[in-house]
Structure formats: C-alpha cells, structure tokens
Amino acid sequence: MTEEVSAPVPGFLRRKLQDHEKRMQRWESPRHILDGPAPGPGDILLNGNDYLCLARHPSLAQAAVDAVGREGLGVMMSSVFQRGAHSRHTLERRLAALLRAESGILCQSGYCANVGLLECLADEQVPVYIDRMAHMSLWRGIQSAGATAIPFRHNDVDDLRRRLARTGPGVVAVDSVYSTNGSVCPLADVAELSSRCGCVLLVDESHSLGTHGPRGAGMVVGQGLLEHVHFRTASLSKAFVGRAGFVACMRGFERYFEMKSGPAIFSSAVLPHDIAALLAALDLIRDADARRQRLHVNAAYLRGHLEALGYDLDGGAAQILALQSGLEAQTLRLKDALEARGIFGSVFCDPATPVKHSLVRLSVHSELSRDDLDHVVDACREIRDEVGLSSWASTRRHEARHPAAENASPMFR
Ligand SMILES: Cc1ncc(COP(=O)(O)O)c(C=O)c1O
C-alpha cells in the first residue's frame, strides 16, 4: 500500500481550520450541520430545485445518451473557440425565443452567467445597486468587475430610489424569486424606477424560468416588462435540470461577452450531452402548463398551512419555503426532527445566510401528492415544541405582525 503524504500546514491555514472546529462545537453535537442520514425510499424530498420533476424523464436521458453516441464527450475547450454549427447555438436560439430575447448566451452555470455578465457591465465607474438578498454569484460578479456594490434593503423600492438619487445611474441587480426564502421581487416597480433613472436592469430568473410566465418564459415576460429589463440570467440547474446557465441579452452583445467574461474565456464549455438534455427539457417545459399549475397549487397549500401553524415564512410567495430557525444549533434540531419524520429539506447557514439567520429550506415540486403535503404539515405541527418554535426570533416577528394568528387559526393547537 502506498503511504499517504500531505504537505505541512502553515499557521494561517491551521487557524482557519481551528475557527471552523470552534463553529462546529457551537452546534451542540460535534456534527457538521450538513451531515445526517441519507433519504430512503418513501421519504419526501424537498431539497432539490427540480420544480417540475423532469430529471428522470426518459426523453432527457435518451437525448444525452444519443449525443454521447454521436459526439463522444465532445471537445474540451473554451466556448469562445467553438466555431461553425454547434448544438450550443441551437439551444441559445431556442432559449432566447422562449424568453422573447433578441439573443442568448449559454454559460457553464448560473454562477458563471452572473459573474461573467457583471464583468461586462460594471467597473470602478459603474456601481451596482443590489438587493441585500440577491444571489451570491451576483455579489461575486461585482467584486470580480472591480465595481462598488450599493446594497439596498430587501425588496424595498424606496430604499433603492434614495440610493439612486444619491449616486446616479448604474446597474440594478435583483433576483425574480429569492433562493433562500422564496420572496418575490416587486419587478414592475424596480423596472419602472430603474428605467426612469437610466440604469441597466439585470434580473436573475433562476427560480422563475420554467416555472412562471407563459410556457415557462419567466416573470419578466409574464409581467410584460421586456422593455425595461436589459439582461436576464438563469441557472439551468433548477426547472431545466441541467448543468448550465444562460444570459438573455440584446442582439450583438454575445460578441462583447466572449471577449470580456472571464468564465467564458478561461473555463471550458458546456458539453454536447448536457446541451442535448437541455434541448429535450426545453421541449417538455414549453408544454408543462399542468405541471406548473400543480407546482403553484402545492406551494400555496403548504405555505398556507405552515403559516397557520405559526411558522414565519418571511414573506415568501413562490415554491421555496424557508423555516427560519435562526441559530445554527436550532437549525440542526429542526433538520433532525424533520428527517426523523422522513422529510428532507436543505440547510442554509453562513455564508448563504447571515450568521444567526440559518434556516431549513423546503422546495416544493409539482408531483407532491396531497398526502405528501399533509405529512409535512402534520410533522411541522408535531415538532413545534421539540424544535422550540415559540423561541425562534422569526416566530416573535411573526406574532408581532399577526397578533391574533393563534386564536384565528383552527390549526394552531
Ligand atoms: C438565484 C440563483 N442564481 C444563480 C445560481 C447559481 O446557479 P448554478 O448552480 O447553475 O451555478 C443559483 C443557484 O444556487 C441561484 O439560486
């Protein structure tokens, strides 16, 4: 057997690892907050973003297999070197058509789309007004562009207006649906303000592409805001169940992007079998009105019942529901209580949330049955004392906003 060897660890790295150990000790049990049992058969999975349940659709797998048979694993190179006919261009055209955009750029991920796009739009002279809850990749894009971030309070258009009045035009960056708590951006107001102030508006539609708007075209199309929104980005690893990202843009922008976006230039391209599966997903998504409707009905059902039980869902309104347990030790207890009842959500903690605002995110999908949803509701009712729901800071906020909730709801018992 060959001996394993590792290089000596210098002090600065040892200190970082020790800080991490201390954080783990605060979780009461010396267990990593993300660790736990794997889900088994019959468990309810609310930890993915396959909102329309397409990942196991046979036509996606078949499309990927056919592409591997035809093209092998493809050519390993940056997309900026791809010339001539390529399935990537077909996908870009078809996605742009769905989004009613003049043009589109396929990226390796939603993260790469946001970072690469902001590298194209912002710089030392062009600030980025960004919602405090916007996705981390948008923040990283601002850093990467060397621009100044001007954060505004979550979904607070008046705060954005005040900041724009102080600093002048720039890029405005928001998510249509916020990934941590499912809150929905007041897009029409943001778009009107951003247009009036001469800004460039970027909307990340990762959690609304495929699930909202006509044929899944997203919220910007759904709300008739195309004339105010310059760029839309999306991770295609949500409803589209692929490993890629997308930028919807104006005609000709792609030639600038390929000379400016770091991820496009310095990282290799999406592979043909991924593209083939995405093309198949696009066909399904365009015709998935029934799935979309079931998704929204399921989300509204669960949201209504959990709120009636006293859970503060932080103003969310989409298919993402956040149980805001707050401190990490409380979040670990909540995760364990749910998993013991066969319910698997996703833990969000620092750095995905502020330190004392960790949570368990439940992502609803279209194929949950009423029994599944009732099982989640029953479990959430049963665990309220076990997880200390009444002592959560979010519960106190909820009660302050809805003082009569306990008496008004027949479910609150
Ligand atoms: C709103 C939002 N934008 C961007 C991303 C990044 O997407 P990807 O996983 O494709 O890099 C995510 C994924 O977590 C997201 O939720």
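Let's start at the ligand: 14 residues surround it, and the closest are Ser 109, Gly 110, Tyr 111, Ser 179 and Ser 235. A residue counts as near a molecule or strand here if its C-beta atom, placed from the backbone, lies within 6 Å of it. Before going further, please keep in mind that this is a predicted model, in which local features need pLDDT of at least 70, side-chain atom pairs count only at pLDDT 80 or more, and totals for chains, interfaces and linings use all residues. Residues are numbered from 1 along each chain as its sequence is written.

Which helix gives the largest share of the shell around the ligand? That is helix 4 (residues 110-121), with three residues; helices (H or I, at least four residues) and strands (E, at least two) are DSSP runs, numbered from the N terminus. By class, the shell divides into one nonpolar, eleven polar and two charged residues. In this scheme Ala, Val, Leu, Ile, Met, Phe, Trp, Tyr, Cys and Pro count as nonpolar, Asp, Glu, Lys and Arg as charged, and the others, Gly among them, as polar.

Now to the sheets. Strands of a sheet pair through backbone hydrogen bonds, either parallel or antiparallel. Two strands are called paired if DSSP finds at least two bridges between them.

Strand 3 (residues 128-131) pairs with strand 4 (residues 149-152) in the parallel sense over four bridges, and Ile 130 has Pro 151 as its bridge partner in strand 4. Strand 3 also runs parallel to strand 5 (residues 171-175), joined by three bridges; there, Val 128 is partnered with Val 171. Together, strand 3, helix 5 (residues 136-145) and strand 4 make a right-handed β-α-β unit: with the strands pointing away from the viewer, the path from the first strand over the helix to the second runs clockwise.

A second open sheet has three strands in the order 9-12-11, with antiparallel pairing. Strand 9 (320-326) and strand 11 (346-348) stand at the edges, each with a single partner strand, so one side of each is left without a neighbour in the sheet. Strand 9 and strand 12 (residues 358-363) are joined by five bridges, and Gly 326 has Ser 358 as its bridge partner in strand 12.

Among the helices, follow helix 2 (residues 58-71) and helix 11 (residues 272-286), whose axes come within 8 Å and cross at roughly 150 degrees. Their contact has twelve nonpolar, two polar and two charged residues.

Most residues other than glycine have a negative phi, and most peptide bonds are trans. Cys 53, in the loop between strand 1 (44-45) and helix 2, has a positive phi near 55 degrees. The peptide bond from Asp 350 to Pro 351 is cis, with omega near 15 degrees, and Pro 351 sits in the loop between strand 11 and strand 12.

Key. Axes fitted to C-alpha atoms, helices over the stretch in contact; angles between N-to-C directions.
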